Amino acid sequence: MCDCNHAFHADVVGSLLRPAALKTARQQFQQGEIDAARLRAVEDEQIRLAVAKQKDLGLAVVTDGEFRRAWWHFDFLEGLDGVEGYDAEQGIQFNGVQTRARSIKVVGKLGFNPQHPMLADFRFLKATAGDAVPKMTIPSPSVLHFRGGRKAIDSQVYPDLNAYFDDLAQTYRDAIKAFYDAGCRYLQLDDTVWAYLCSDDQRRQIRERGEDPDRLAKIYADVLNAAIAGKPNDLTIGLHVCRGNFRSTWISEGGYEPVAEILFGQVNIDAFFLEYDNERSGGFEPLRFIKPGKQQVVLGLITTKNGELEEPEQVKQRLEEAAQFVDRRQLCLSTQCGFASTEEGNSLSEQQQWNKLQSVVNIAREVW
């Protein structure tokens, strides 16, 4: 049996579609029609409604839908000491669509700001969650390095990248402690990088820029393990591996086999959230590296890329297939990703979103 603290057989990944009232308030704030306090009040109200809805569906774990963010990653990373956001020349290229042109760079010594605004965001979620477990989602440390690489790190500040990775791990150790001290007992690290390291095309691009994808995997595993080393026993940390999620599109494809041995066999995370909603995700064979009895495997068998509901019997069949490689008691179910990794959101309605989450709960109840 999994000895993790929060073994939710029905789990929620994180982001939710932004309600119309929230989108309107954000636009009004950007145009100077309302102040930050008014925007915060609208966010608070919409988060309360989203938490109540998640609980009504039967979820025992809730998130704030990432309603205070524009991006799943930049908002958190720009709040770290030494990190600066800027308007890039072009956005991130997805399959047929590109994001807004935004990026980040490291301009000073990395550190975790004890006044990071997301600590207050979590405290509000915790106060709102009631008897549900509030889950905080933040980007994984590897996300800060991967896309920009050496070029996005000031060489005057970090002439040696070993010192950079040491500071990155320490920054996340401090962040984890700060969220724990704020009352967080379930923290999820969102990570697109491991999925990129599974993609033949992405691996080619990594080599073309002069880096070795296998060496990067080892570095990222070491940073993750250093970041979570010594964490409190009553804190569950999950790692969500995503192939990209923007307006229902994606970036990478390929099964987990290229990284399975190091990711599942060596990274000391409590729960892996894995996308398994289509053929791009590969088979369940890589799950053979999951530590018996020690880690949850949260299978993302329900897609967030469209509103069409999966057939429950087919989902159950896939859970049975996965159980050939990892103990059924370690398996859990979720959607493959959030519904709005950026504030634009995926191509489905709010009702379809709630139907998807209800399906996760219903299937989990039947299976477990």
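Keep in mind that the model is predicted: local features need pLDDT of at least 70, side-chain atom pairs count only at pLDDT 80 or more, and totals for chains, interfaces and linings use all residues. Residues are numbered from 1 along each chain as its sequence is written, and side-chain values use heavy atoms, with hydrogens and water left out.

Let us begin with confidence. pLDDT is the predictor's confidence in each residue, from 0 to 100. The protein chain has a mean pLDDT of 88, and 90% of its residues reach 70 or more. Residues 245-252 are a stretch to treat with care: pLDDT stays under 50 there, and the model has 47 contacts beyond four places in sequence for them, a contact being heavy atoms within 4.5 Å. Where pLDDT is low, the predicted coordinates should not be read in detail.

Now turn to helix α1, residues 20-30. Helices here are DSSP runs of H or I with at least four residues, strands are runs of E with at least two, and both are numbered from the N terminus. L22, A25 and R26 of α1 are buried. Because these residues cover an arc of only 100° around the axis, they lie on the same side of α1; the arc is that of the directions from the helix axis to the C-beta atoms. Buried means under 20% relative accessible area, exposed means over 50%, and partly exposed is in between, with a 1.4 Å probe and protein chains only. The buried residues of α1 pack against α2 (36-56). After α1 comes G32, whose phi is positive, near 80°.

The side chains of R26 and E43 meet in a salt bridge of 3.7 Å, N to O. This pair links distant parts of the chain, with R26 in helix α1 and E43 in helix α2, 17 residues apart. A salt bridge is a side-chain nitrogen of Lys or Arg within 4 Å of a carboxyl oxygen of Asp or Glu, and the structure holds 23 of them. R26 counts as buried at 14% relative accessibility, and E43 is buried at 5%.

Which residue forms a salt bridge with R40? The partner is D121, and the closest N and O atoms are 2.9 Å apart. R40 in helix α2 and D121 in helix α4 are 81 residues apart, so the pair links distant parts of the chain. R40 is partly exposed, with a relative accessible area of 30%, whereas D121 is buried at 8%.

D121 sits in α4, residues 117-129. Not counting residues up to four places away in sequence, D121 touches R40 and R68. The side chains of D121 and R68 are joined by a polar contact of 3.4 Å; such a contact is a pair of N or O atoms within 3.5 Å where, within protein, one must be able to donate a hydrogen and the other to accept it, and residues adjacent in sequence count only if both atoms are side-chain atoms.

Elsewhere, R329 forms a salt bridge with D327, the closest N and O atoms being 3.0 Å apart. Salt bridges that share partners join R26, R40, E43, D44, R68, D121 and E343 into one network.

The largest nonpolar core has 114 residues, and F76, W194, L287 and L299 have the most contacts inside it. Helix α6 (residues 161-181) gives the most to this core, with 10 residues. A nonpolar core is a set of buried Ala, Val, Leu, Ile, Met, Phe, Trp, Tyr and Cys residues joined through side-chain atoms within 4.5 Å.
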